[in-house]
Every structure is written in C-alpha cells, then in structure tokens.
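Got a few minutes and a structure viewer open?

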Amino acid sequence: MTSGATGTSPRRRILLFIAVPVLAVLALMSWGLSSAVGASPDDDYHLSSIWCGHGDAAGCESVPGKPDERTVYRDLVIDSVCFAFNTEASAACHGADFGENPADVVTTPRGNFTGLYPPLYYFTMSLFAGPDIETSVLVMKLFNSVLFVLLVGALFWLLPPHRRRTLLVALAITMVPLGMFVVASTNPSGWAVLSAGTLWIALLGVMESTGRRRVGLGVIALLATIIGAGARADAAIYAAMAVVLVLIMTFRRERGFVVGAALGAVLVAVAVAFYLTSHQGEAASTGLAPGTTGPGDGTGPVVLAIINLINVPALWAGVFGSWNLGWLDTVMPASVWVAGLGIFGGAVFLGLSARVPRKGLAVALVVAALVVIPTALLVQSDSIVGANFQPRYLLPLMVMLAGFVLLTRAGESIATTPVQRWIVIIALSLANSLALQVNIRRYVTGTDVPSVDLD
C-alpha cells in the first residue's frame, strides 16, 4: 500500500491508471455475475420500482383506483425471487424462458409507488430497463460497478497525496463481502456505500486544497451527496452527518474554512431535500416493521434497549460476513468474517495511534451512531438484533468509521511493516475469493451440493 502514484515512472503511472480501474470493475462484476436476478434483499420490490422508475412504461402500468399498486412483469416480482429463503434452491427455478414473457403480468403493491424511497436511484436504473430482464439487470450491475470505480478513481487522483491511502484502505477493509455484493447489485444500498466512502474525504480534501483541485473535489462531494441521498433516506442522514464531522475536524477562523463550510451547507441542504422526498424517515417514529417481529410479550422498552445494546456489535460483524448474504440465505464460511473483522479491528487500533485534531471526537460520534441508531430503531419496532434491522444499513457508517480512524497528519503515516501489509492483502483476497465461490455455488446448484467444483 502506497500513498499514491507519486515517485513512479510515467509508463508505470499510465499502466496503473488503466489497469487498476479495469481490474476493480472486473472484481465487482464478478460479484454481479455470481448473483442471479432477484438475489439482493427485497429485490422484488426494487426491480418493480426500477421498471416503474419513469412512470407508466413497458413493463409497468398504473392500476385505476389503486395508486399504491402497479401491473408489472410477473418475472420481476414473483419468479425472480423463487429461490429466496430456500438455500437448497438454485436460480434454475427461474425457468428456461425467464424474462421472455412480456405478456405475463401481475398486479402488485411491492414497489416504490407511494414514495417510500427517494426516486433518483430507481429513475436512473430505469434507463436500462427493458423487456429482456436478465440483460437489463446485468447492464444495471455494470453501470453501478463502473460508477463506483469512476467516482473513487477520480477522487483518488484529485485528493492530496497523503489522503489517497486513507481512501483506498478504508474501502478495502470494509467491502468484503457485503460491500462487494451490494455495490454490484440492483439494491440502492450500493449507492449508499459509494456515497459514504467518498463524500466525507472529498469534503476534507476541499478544506485542504486550493484552485482547480478544490473545485474538482467539491464537485465530487456534491455528486456523492446526490448519489447517496437519492438512493436511501438513511444515506441522506449519513451524508449530513459526514459533512458535520468534517466541519468539526477542520474548523478554523480562516476564509478558506468559510468557503468549505458554505459548500457543506449546500450539501446538507441537498441531503435534506432528498430526505423529504421519501417516507423512510418515518421509521424513527413508527418503527421498521411494527407488529411483525418482537422479542416476546411483556418486555419493556428499557430491558429491550439493554438487550439490543449488548447485541448490536453482531450487526457490525455482519458487515464482514457473519450474517448471511442475499435474502439472508447465503451462509458465509467463518473464515470470511473472521479475516475481515480481524483486519478491521487491527486497522482501528493502529489508526487510533495517529493524532489528528478533533479526530477522536469524530470517531466517537460515528461509534455512537453505530450504537444508537440500530438500538433506537429496534426498540421502536419492538424487535431485537436479528430481526428487521440488517448489517447493510450500517455498512456506510462502518466505511466512514474506517476512514476517520485511519486519518493522519500531512507528511505522517501509520507505521506498518511489509509483512503486515502482505498479510492484509492475502487475507482479504482469500476471503473475497472464498465468499465469491460460495455465492456462485448458492445460485448455480443451491447449497445442498457440497463440492468445490462449480461446473
């Protein structure tokens, strides 16, 4: 791991400029291809929302007198998730003619027809929706993968050299396997992860740069805010939180800070505007899924809060694979999450040794959010950890936590040996490969075929 491409020959820099993004897209699309149509959580909801992202169109028609329902392709909402919750069922249940029956339609309330989610993600994905469902979904996954790599790549080259390592390492140690899975999917959580991984450090770069570099970083910060807030309401909250944390860390009585703070105010306003276009935020007062899954009669809110407080770290570990992928039905081997969680923990302890003004406050506030947000929502929903709230909701915060922890002063770096760096690289590579193999197996044959050979 280096701090950038500085000090390398022009030929090597050109090679890195081309090869690294291509390999990153291939890595993400390996996950996109490994997962069948309908594989990500609530994909029946998201797919119908995508095909209806532009209103009435091919594959989506309004239902007279029922504004919360649409008539869509049957394959989008029923046949696409035929394997959900059944680990032994492969994607072969789609059938040979899956996605090739445009006349086979059903009426469903499963979709973003009443504005539960912000509309931007579905509107954008709808640009690639067509009668061929499988091809459309693959194009969407490719678009999301390329978008991720392009935004991260542009941010890498615009950031001051001493911030580049932080960007890449923070993403690398939090993406396997859940991040890889959702980014290359049709789930809006992928955009939330992208936003969380880029917005805060882009704004930090604005505070530390001048001239064209500063303008470019400001544009990326704005794009990251729009991408996250336009996909999920909680991502809008995380975006506003990232802005506030960066402003706290960089506060100084100088004109440069005022300019950056003005941009921060614009970003918060954008996040709030998108937040107000959805109803997801109502979960704070109504709960996630009232009346569906509770801890049992007679459990008061205080006891329920204590139960969730002592178990909420399970959600953090779930980011690294201790929770199942997909519809929570693809079990990851223990080697995957032990490697990921161990590397993350080691990075946190090493990162805390680097002293940066007000860094401790920023880290403490992110950790507080990781505790308070799931606990409050679970108590409001009369639920305990394991029901209603999934690790992917906290993945953006885990990415932000890694980034803030790994921050250093200009000219300084966190001391690691070559052996330590190679252990991290090898462990993450093996964990990603193993998780990918298991994910492929789940959709090719189902998990009832215990074989390394995927043919």
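**Exercise 1. Work out how α10 and α16 run relative to each other, and what their contact is made of.**

Solution. This is a predicted model, so take what follows as a reading of that model.
Step 1: the axes of helix α10 (residues 233–250) and α16 come within 9 Å and cross at roughly 160°.
Step 2: angles over 145 degrees count as roughly antiparallel, so α10 is roughly antiparallel to α16.
Step 3: look at the hand of the crossing, which is right-handed.
Step 4: pick out the residues that touch. α10 brings Y238, M241, L245, I248 and M249, while α16 brings K359, L361, A362, L365, V366, A369 and I373.
Step 5: sort them by class, and you get 11 nonpolar, no polar and one charged.

**Exercise 2. Decide how enclosed α17 is: how many of its residues are buried?**

Solution. Step 1: go along the helix and list the buried residues, which are L395, P396, L397, M398, V399, M400, L401, A402, G403, F404 and V405.
Step 1: that is 11 of the 11 residues, so α17 is largely enclosed by the rest of the structure.

**Exercise 3. Check the span of α6 and find what its buried residues pack against.**

Solution. Step 1: helix α6 (residues 161–172) has 12 residues, and at 1.5 Å a residue the expected reach is 16 Å.
Step 1: from first C-alpha to last, α6 reaches 18 Å, close to that expectation.
Step 2: its buried residues are R163, R164, T166, L167, V169, A170 and L171.
Step 3: these pack against α5 (133–158), α8 (189–208), α9 (211–229) and α17.

**Exercise 4. Compare α1 with α18: which residues make the contact, and of what classes are they?**

Solution. Step 1: helix α1 (residues 10–34) and helix α18 (residues 418–444) have axes 9 Å apart, at an angle of about 25°.
Step 1: under 35 degrees counts as roughly parallel, so α1 and α18 are roughly parallel to each other.
Step 2: S30, W31 and S34 of α1 touch N432, A435, L436, N439, I440 and Y443 of α18.
Step 3: this contact has five nonpolar, four polar and no charged residues.

**Exercise 5. Buried or partly exposed? Classify T225 and A273.**

Solution. Step 1: T225 lies in helix α9, and its relative accessible area is 0%, so T225 is buried.
Step 1: beyond its neighbours within four places in sequence, T225 is in contact with S195, L199, G230, A239, L267, V270 and A271.
Step 2: A273 sits in helix α11 (residues 255–275) and, at 43% relative accessibility, counts as partly exposed.
Step 3: A273 and A236 are 37 residues apart in sequence, with their C-alpha atoms 8.9 Å apart in space.

How values were computed. Residues numbered from 1 in each chain as written. Predicted model: local features only at pLDDT ≥ 70, side-chain atom pairs only at ≥ 80, totals over all residues. Heavy atoms only, no water. Helix = DSSP H or I, 4+ residues; strand = E, 2+ residues; numbered from the N terminus. Expected span 1.5 Å × (residues − 1). Buried < 20%, exposed > 50% of the residue type's maximum accessible area, 1.4 Å probe, protein only. Contact = heavy atoms within 4.5 Å. Axes fitted to C-alpha atoms, helices over the stretch in contact; angles between N-to-C directions. Parallel < 35°, antiparallel > 145°, perpendicular 65-115°, else oblique. Left-handed = near helix turned anticlockwise from the far one by under 90°. Nonpolar A, V, L, I, M, F, W, Y, C, P; charged D, E, K, R; others polar.
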